[in-house]
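Keep the 3D view open while reading.

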Amino acid sequence: MDRAEIVHQNFLTRVRHGDLPSTALTTLAQADLTPTDLVELFHAQVLSRQLDRTSRHLQAKGQGFYTIGSSGHEGNAAIAWALRPNDMAFLHYRDAAFQIARSRQVPGQTPLWDMLLSFTAGADDPISGGRHKVLGSKTLYIPPQTSTIASHLPKAVGAAYSIGLARKVKPSNPPLSADGIVLCSFGDASLNHSTAQGALNTASWTAYQSTPLPLLFVCEDNGLGISVKTPKDWVEASVSTRPGLRYVQCDGLDVVATFAAARETAEWVRKRKKPAFLHMRCVRLYGHAGPDAASAYLSKVEIEADEARDPLLFTARRLIDEGVMTPAEIAAAYEAEGARVARAAETAAARPKLKSANDVIASLIPPKRETPERPRPSANIRTATFSDADIRAMAEPQHMAKLINFALTDLLLEHHDIVLAGEDIGRKGGVYGVTQKLQKRFGAHRVVDTLLDEQSILGLGVGLAHNDILAIPEIQFLAYLHNAEDQLRGEAATLPFFSNGQYTNPIVVRIAGLGYQKGFGGHFHNDNSIAVMRDIPGLIIACPSNGRDAALMLRECVRLAREEQRLIVFLEPIALYMTRDLHETGDGGWTFDYPTPTDDATTPIGAIGTHNEAATDLAIVSYANGYYLSRQAEKILHKEDGVNAKVIDLRWLAPLPEQALLEATKDCKKILIVDECRRTGSQSEALTTLFLENGRIDVARVAAEDSFIATGPAYGATLPSRDGIIAAARALLKEPSR
Amino acid sequence: MSRRTAVVIAPGRGVYNASELGYFNRFHQDKSDLIKGFDAVRAALGQESLERLDGAARYAVAKFTRGDNASGLIYTCSYADFLDIDRDAFDIVAATGNSMGWYSALACAGALSADNGFHVVNTMGAIMQDALIGGQMIYPFVDEDWREIDGGRHALLKLIDETPGLYVSIHLGGMLVLAGTPEALDVAEKRLPRVQERYPMRLANHAAFHTKLQRPTAEKGRATLPASLFQQPQTPLIDGRGAVWLPKACDLNALWSYTLGAQVIEPYDFTRAITVAMREFAPDVFILLGPGMTLGGATAQSMIADGWRGLASKSDFIDMQKKAPRLLAMGAPEQRGIATNGAPQD
């Protein structure tokens with residue numbers, strides 16, 4: 001017999017025979033629970049259980065698409081009951097009972113229906129719109145995510161951090177209350193993920209220096225990661241002695257004890273604004289998911305031992321011992337719930353599903369929102385904020401690093417709820433000085449020196465966004481993004497998708513990157529691969545080639561984040577930060593006037609830059625350093641070959657400004673793509689495809705070798721060069737038109 | 001034959017009209033003890049006999065729509081109808097109501113005894129009649145085929161936002177019940193175009209129920225009616241926010257506090273209650289208690305709005321009712337027959 005059926009029959013048989021286990025060490029009164037609370041918790045647990053059973057029936061009938069259950073973990077209903085319904089909760093995928101119990105704290109919820117629509121991928125599933133089985137609810141402060149690999153923990157740390165920060169930066173519409181806490185739950189196996197470990201470390205690091213962090217980690221320890229056993233007492237041994245983190249255990253089989261521990265711990269977190277780790281021991285019933293037969297890796301004795309510790313049996317015992325319900329009433333309530341779920345399942349399964357690609361992708365890009373116009377800071381305030389030296393410098397053309405610094409200053413002035421965060425960006429002012437003086441101007445709470453952990457930096461950005469604070473996190477070097485990119489890919493970018501646009505996390509991530517630093521740093525400071533970002537649905541990648549564009553594009557990115565709730569990467573070419581000259585030493589050709597906010601100049605998303613608008617012999621399409629080198633090449637080609645080349649700066653790498661590119665190149669006889677990223681997986685592949693698919697066959701490309709970048713004199717050997725571009729242009733122009 | 005599942009709906013004020021005169025006498029002669037018991041309470045308070053009102057030769061609006069008469073009459077008929085449901089044929093899985101029908105639902109579900117339910121209804125009806133603060137008006141945002149008019153609901157809500165003293169009283173399927181001060185209702189009446197020959201429709205002898213204007217009523221209610229009247233229901237209840245109250249899980253103080261607090265002074269969302277009933281209890285049928293059956297329209301509109309069992313229009317609903325009715329109005333003789341005798345079935 002199927003184990004789910006065995007557990008079901010066991011429950012009814014043992015209840016009817018009064019053969020029930022007890023761990024009743026905490027009384028209802030001690031836990032400050034009433035008998036009616038106990039019945040509520042029982043109902044939440046039973047509904048969760050019956051949903052698990054029904055999900056399997058639905059799958060068997062081809063109507064359901066998800067069978068990873070919450071059975072054995074239903075003690076987490078008591079954790080929900082111990083919290084406030086507006087304490088944001090980033091949930092483990094086995095937390096159906098938590099969401100159900102929370103839904104009972106807010107009038108008008110339909111947890112049964114909502115979960116069934118989620119199992120059956122109904123288009124009116126209120127959280128994901130039929131895209132994905134996720135736990136989540138806007139009303140219940142449960143942002144959805146898959147939570148399979150604990151990658152939701154860094155943002156939980158960020159969200160908890162935002163609560164203290166919001167007191168200072170005062171976001172316009174903070175969803176989290178000042179005395180709220182944040183919860184994140186996960187399994188004992190997920191605890192071993194580096195992401196989880198990083199989040200725990202960041203929480204400890206933060207609390208250790210007395211920075212407020214009202215965060216409750218809940219580890220639901222069923223002793224198994226699919227088939228691999230967690231070493232005995234591993235969770236406790238691993239976590240209980242971390243600095244700054246309070247460790248508490250509870251028996252998740254006993255809702256009363258779990259409630260008592262959760263309430264006490266949650267209130268401690270709320271009052272002390274410090275993180276705690278609630279270690280809830282529980283069991284996993286019926287294997288990992290529908291098709292997983294636990295008998296392949298557990299003995300029958302082990303399986304039956306877990307089944308004998310079904311948390312519902314313990315709750316039933318409590319109800320009887322407290323005189324709240326008789327065994328017959330418990331069995332009847334359990335069966336009535338099963339019948340109710342089955343009835344509703346029949347109706348839910350008949351609801352419409354998503355059909356087309358357009359249906360599915362409709363929520364990749366979040367909806368626009370109304371944002372109040374903000375008054376520009378007065379000239380006096382602005383003058384007082386910038387130093388005299390800066391004000392003087394604004395009258396002269398400047399390099400990109402300085403212009404980004406000015407633009408950041410103006411943005412921080414204009415938007416009180418923008419917060420910068422990153423490694424060395426505060427006191428030091430950034431390893432390249434781009435954020436110099438910002439911390440002094442705006443305080444350590446708005447220009448935050450973080451610890452060295454990119455997952456935590458991006459998680460902070462996502463977490464702040466959950467509380468209406470616009471983060472501009474900085475990744476110090478592009479190569480450092482890669483260990484953390486899932487925070488963009490798996491978390492931030494998926495949030496509107498999983499929530500049907502109800503939850504969003506607008507962020508502008510500044511990343512210093514790309515090659516050409518003369519002899520400095522090698523690969524880890526000159527990474528030239530952004531392939532990992534290019535295919536993230538919904539992500540915008542901005543990449544300026546010069547300081548004026550950088551200032552204008554940064555403003556546009558902030559607008560896109562504020563008004564359109566977009567997730568953006570702002571990629572800054574390090575080698576151009578301090579570049580002043582274009583063709584000759586001292587020509588100042590790559591310094592630009594600062595476009596002050598009162599200028600009407602903009603560089604909207606999708607607007608490309610064009611040099612030599614009227615040229616038709618050749619179009620050179622490039623960006624960043626490649627654009628800079630192409631401008632040098634263009635001058636030489638003109639002088640030496642009489643070639644009139646148009647040089648196009650993409651500016652926006654994702655989404656590619658396709659129509660603008662096709663339009664700008666339509667009168668050009670030939671097209672040369674210059675891409676400082678690697679031949680494989682780079683923009684040049686997409687651009688070549690774009691042109692070929694649109695009938696442009698006289699196309700060639702110059703791209704970087706598929707190599708890491710060397711330190712020392714060969715720093716540029718694998719990258720496109722001015723002379724390489726000239727040679728490629730000549731070769732292309734020499735070829736007869738195809 | 002297995003029992004069909006049913007959600008019971010108790011109607012609110014305004015359903016005992018001329019055509020309902022004699023309703024109790026017509027259907028409930030076997031329950032004369034019930035009405036006589038209630039009348040004994042009323043006699044002690046110097047109120048008119050319900051039995052005599054129900055048995056009157058003529059219907060008089062001024063008399064029958066008074067809160068202290070209408071509430072008791074409607075409750076008595078609804079509760080008596082509830083007792084007539086064939087429980088061998090129907091398993092009642094939840095009870096809900098509209099507005100004053102919430103008190104009736106509490107009694108049907110067992111959260112108030114029949115007598116205590118009457119006490120609550122009669123007391124609240126009298127308090128409201130004494131004060132008669134403000135009034136109510138009904139206006140649709142669906143057309144005559146129950147299709148939502150683009151922007152209609154939004155425009156109504158905007159009008160409410162813009163008019164001092166005007167509030168949403170009840171979300172009633174494809175209609176909104178507005179409530180407010182007489183001045184505010186006058187403004188609304190002037191601004192709302194006349195549609196379907198009867199809207200905007202002012203409701204005689206109705207106060208501004210479910211608005212903050214009723215705070216004094218709620219306070220008096222709480223002072224007069226103690227929490228000890230309430231007990232654990234036997235059947236789940238769905239209130240005017242769509243919240244579900246489960247047997248043995250009700251905090252009775254909270255139930256009392258809601259019933260004589262938020263329920264009185266906050267908008268009543270009947271649409272949400274029906275939506276929750278459909279989604280969370282997935283009944284085979286809804287049984288609408290009498291008297292009358294005017295709440296059937298709002299119930300059907302709520303069903304269509306949620307696409308219940310594939311319903312998309314008024315004609316779908318009418319077809320369903322013809323083939324195998326799923327909304328059984330006890331005020332309609334044929335459907336009453338099904339509710340009380342358990343046949344026919346699809």
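The sections below go through the chain contact, the helix pairs and the strands.

## Basis

This is a predicted model.

## Where the chains meet

Chain A puts 15 residues in contact with 16 residues of chain B. Helix H3 (35-60), helix H6 (111-119) and helix H13 (327-349) of chain A each supply at least two residues of the side that touches chain B. By class, that side of chain A has seven nonpolar, five polar and three charged residues.

## H3 with H12

H3(A) packs with helix H12 (residues 311-321) of chain A. Their axes come within 10 Å and cross at roughly 155°. Angles over 145 degrees count as roughly antiparallel, so H3(A) and H12(A) are roughly antiparallel to each other. The crossing is left-handed.

H3(A) contributes A:Leu38, A:Leu41, A:Phe42, A:Gln45, A:Val46 and A:Arg49 to the contact. From H12(A) come A:Pro311, A:Leu312, A:Thr315, A:Arg318 and A:Leu319. Seven of the contact residues are nonpolar, two polar and two charged.

## H1 with H13

Helix H1 (residues 3-16) of chain A packs with H13(A) at an angle of about 160°, and the axes are 8 Å apart. The two helices are therefore roughly antiparallel. H1(A) passes H13(A) in a left-handed crossing.

On H1(A), the contact uses A:Phe11, A:Leu12, A:Val15 and A:Arg16. On H13(A), it uses A:Pro327, A:Ile330, A:Ala331 and A:Tyr334. This contact has seven nonpolar residues, one charged residue and no polar ones.

## H17 with H23

Helix H17 (residues 400-414) and helix H23 (residues 547-564) of chain A pack at about 30°, with axes 8 Å apart. Angles under 35 degrees count as roughly parallel, so H17(A) and H23(A) are roughly parallel to each other. Their crossing is right-handed.

H17(A) brings A:Met400, A:Leu403, A:Ile404, A:Phe406, A:Ala407 and A:Leu411 to the contact. H23(A) brings A:Gly547, A:Arg548, A:Ala550, A:Ala551, A:Leu554, A:Arg555 and A:Val558. The class count is 10 nonpolar, one polar and two charged residues.

## The E6-E7 pair

Strand E6 (residues 246-251) and strand E7 (residues 276-281) of chain A pair in the parallel sense over six bridges. A:Gln249 stands opposite A:His279 in E7(A). Between the strands, the chain crosses through helix H10 (residues 255-272) of chain A. This β-α-β crossover is right-handed.

## The five-strand sheet

An open sheet of five strands in chain A has the order E14-E16-E15-E18-E19, with mixed pairing. Its edge strands are E14 (609-611) and E19 (699-704) of chain A, and each pairs on one side only. Neighbouring strands are turned by 20° against each other on average, direction ignored.

Strand E18 (residues 670-678) of chain A runs parallel to E19(A), and six bridges join them. A:Ile671 stands opposite A:Val699 in E19(A). Helix H25 (residues 624-641) of chain A packs on the sheet. H25(A) touches E14, strand E15 (618-622), strand E16 (645-649) and E18 of chain A. The direction of H25(A) makes about 170° with that of E16(A).

Notes:
Residues are numbered from 1 along each chain as its sequence is written. Chains are lettered from A and ligands numbered from 1 in the order in which they are written. This is a predicted model: local features need pLDDT of at least 70, side-chain atom pairs count only at pLDDT 80 or more; totals for chains, interfaces and linings use all residues. Two residues are in contact if their C-beta atoms, placed from the backbone, lie within 7 Å. Helices (H or I, at least four residues) and strands (E, at least two) are DSSP runs, numbered from the N terminus. Ala, Val, Leu, Ile, Met, Phe, Trp, Tyr, Cys and Pro count as nonpolar, Asp, Glu, Lys and Arg as charged, and the others, Gly among them, as polar. Two strands pair if DSSP finds at least two bridges between them. A crossover is right-handed if, with the strands pointing away from the viewer, the path from the first strand over the helix to the second runs clockwise. Axes are lines fitted to C-alpha atoms, for helices over the stretch in contact, and angles run from 0 to 180 degrees between N-to-C directions. Angles under 35 degrees count as roughly parallel, over 145 as roughly antiparallel, 65 to 115 as roughly perpendicular and the rest as oblique. A crossing is left-handed if the near helix is turned anticlockwise from the far one by less than a right angle, and right-handed if clockwise.
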